[in-house]
Amino acid sequence: MDLQLSGRVAVVTGASKGIGLAVTRTLLAEGSRVLAASRKSTPELDALSGTGLLHVAADLMDPEAPGQIVARAVEEFGGLDILVNNAGGPPPGVALPRFSFLAPTDDDWRAMFEFNLFSVVRAVRAAIPPMLQRGGGAIVNVSSGSARLPAAMNVDYNAAKAGLNNLTKALSEEFAPQGIRVNTVSPGPVRTAWWTEEGGAADILAAQVGTDRDSVMDRVAPEMMKLSTGRLAEPQEVADVIALLASPRSASTTGADFAVDSGFLKEI
Ligand SMILES: NC(=O)c1ccc[n+]([C@@H]2O[C@H](COP(=O)([O-])OP(=O)(O)OC[C@H]3O[C@@H](n4cnc5c(N)ncnc54)[C@H](OP(=O)(O)O)[C@@H]3O)[C@@H](O)[C@H]2O)c1
């Protein structure tokens, strides 16, 4: 299927690793030009460099950063068609999971909302005018299955992502008549640095249940999260759905939430 993404201009946040890196690789392979934002680049992102890729170092905890990266994409590539708000998860300096509502402080809550919700608000605010100038566009917000599953674990993260789902639906209502589609993709657990890095989620859970990182990734997490497929998703499996939603082939899909969650959510 031709996704008709050739020549389109995209901004992808959190593009240096994990899901964002897979999205960037996929959009470039489809012929899009991509402004890839993260605080630092990685060898994997550098390996994609060519005429279609521009990495911009940006810290999304800075309220000015989302507007600056959108403006840079317009300046460099002449417009904007696609915004993938992928950066999110534990804010800088935070390790998840946390196990109780009593764990996060006010500052923790603020940082969580700053990273997972307010940075998206600011990016969308900056992206809509150039998209309207092109006659439309596609915004994909990377949420989480946890947005729809209130739980003691990561309560601040879940609430921020629930806000993101609500925002997405509201934006889709307001801007569909002007040609801008807005959807969420909601992963379950995905095999990324968030889980696998030193001190990441797998190490925290391993310490909690008295096992090692590999056992958590291969057995403990899939069992604990009741994953129907029995395994965590791969970043590319999330990126493929994001690319489809970014594509004009999804012209009638807006305000939708797509689970790529290994069967994590059980409700219909
Ligand atoms: N992995 C999962 O299990 C999972 C599950 C559900 C939902 N999600 C969602 O999927 C999205 C991507 O997660 P992931 O697991 O792929 O992440 P990841 O592998 O940990 O990568 C995070 C990306 O965000 C960038 N980043 C981190 N802090 C940043 C900041 N302050 N400013 C700008 N960029 C920043 C990182 O680069 P720098 O560090 O260089 O800035 C990196 O490119 C998130 O929204 C997350 O909530 C993930």
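Mentor: A backbone N or O atom of L60 lies 2.9 Å from a nitrogen atom of the ligand. Keep in mind that this is a predicted model.

Trainee: Okay. Which polar side-chain atom lies 2.7 Å from an oxygen atom of the ligand?

Mentor: One belonging to Y157.

Trainee: How many residues surround the ligand, and which are the closest?

Mentor: There are 32 residues around the ligand, and the closest are S16, N86, Y157, V190 and T192. By class, the shell has 16 nonpolar, 11 polar and five charged residues.

Trainee: Which helices each supply at least two residues of that shell?

Mentor: They are α1 (18–29), α5 (155–175) and α6 (193–196).

Trainee: Which one gives the most?

Mentor: That is α6, with three residues.

Trainee: Switching topic. At what angle do the axes of α7 and α8 cross?

Mentor: Roughly 80°, and the axes come within 9 Å. Helix α7 covers residues 201–209 and helix α8 covers residues 213–224. An angle of 65 to 115 degrees counts as roughly perpendicular, so α7 and α8 are roughly perpendicular to each other.

Trainee: Which residues meet there?

Mentor: From α7 there are A202, D203, L205, A206 and V209, and they meet R213, V216, M217, V220 and M224 of α8. By class, this contact has eight nonpolar, no polar and two charged residues.

Trainee: Now the backbone. Is the peptide bond joining L96 and P97 cis or trans?

Mentor: The bond between L96 and P97 is cis, with omega about 10°. P97 is in the loop between β4 (82–85) and α4 (106–133).

Trainee: Why point that out?

Mentor: Because most peptide bonds are trans.

Trainee: And Q4: is its phi positive or negative?

Mentor: Positive, near 55°, and Q4 is a residue other than glycine. Most residues other than glycine have a negative phi.

Trainee: Where does Q4 lie?

Mentor: Q4 is in the segment before β1 (9–13).

Technical notes. Residues are numbered from 1 along each chain as its sequence is written. This is a predicted model: local features need pLDDT of at least 70, side-chain atom pairs count only at pLDDT 80 or more; totals for chains, interfaces and linings use all residues. Side-chain values use heavy atoms; hydrogens and water are left out. Axes are lines fitted to C-alpha atoms, for helices over the stretch in contact, and angles run from 0 to 180 degrees between N-to-C directions. Helices (H or I, at least four residues) and strands (E, at least two) are DSSP runs, numbered from the N terminus. Angles under 35 degrees count as roughly parallel, over 145 as roughly antiparallel, 65 to 115 as roughly perpendicular and the rest as oblique. Contact means heavy atoms within 4.5 Å. Ala, Val, Leu, Ile, Met, Phe, Trp, Tyr, Cys and Pro count as nonpolar, Asp, Glu, Lys and Arg as charged, and the others, Gly among them, as polar. A residue is near a molecule or strand if one of its heavy atoms lies within 4 Å of it. A polar contact is a pair of N or O atoms within 3.5 Å; within protein, one must be able to donate a hydrogen and the other to accept it, and residues adjacent in sequence count only if both atoms are side-chain atoms.
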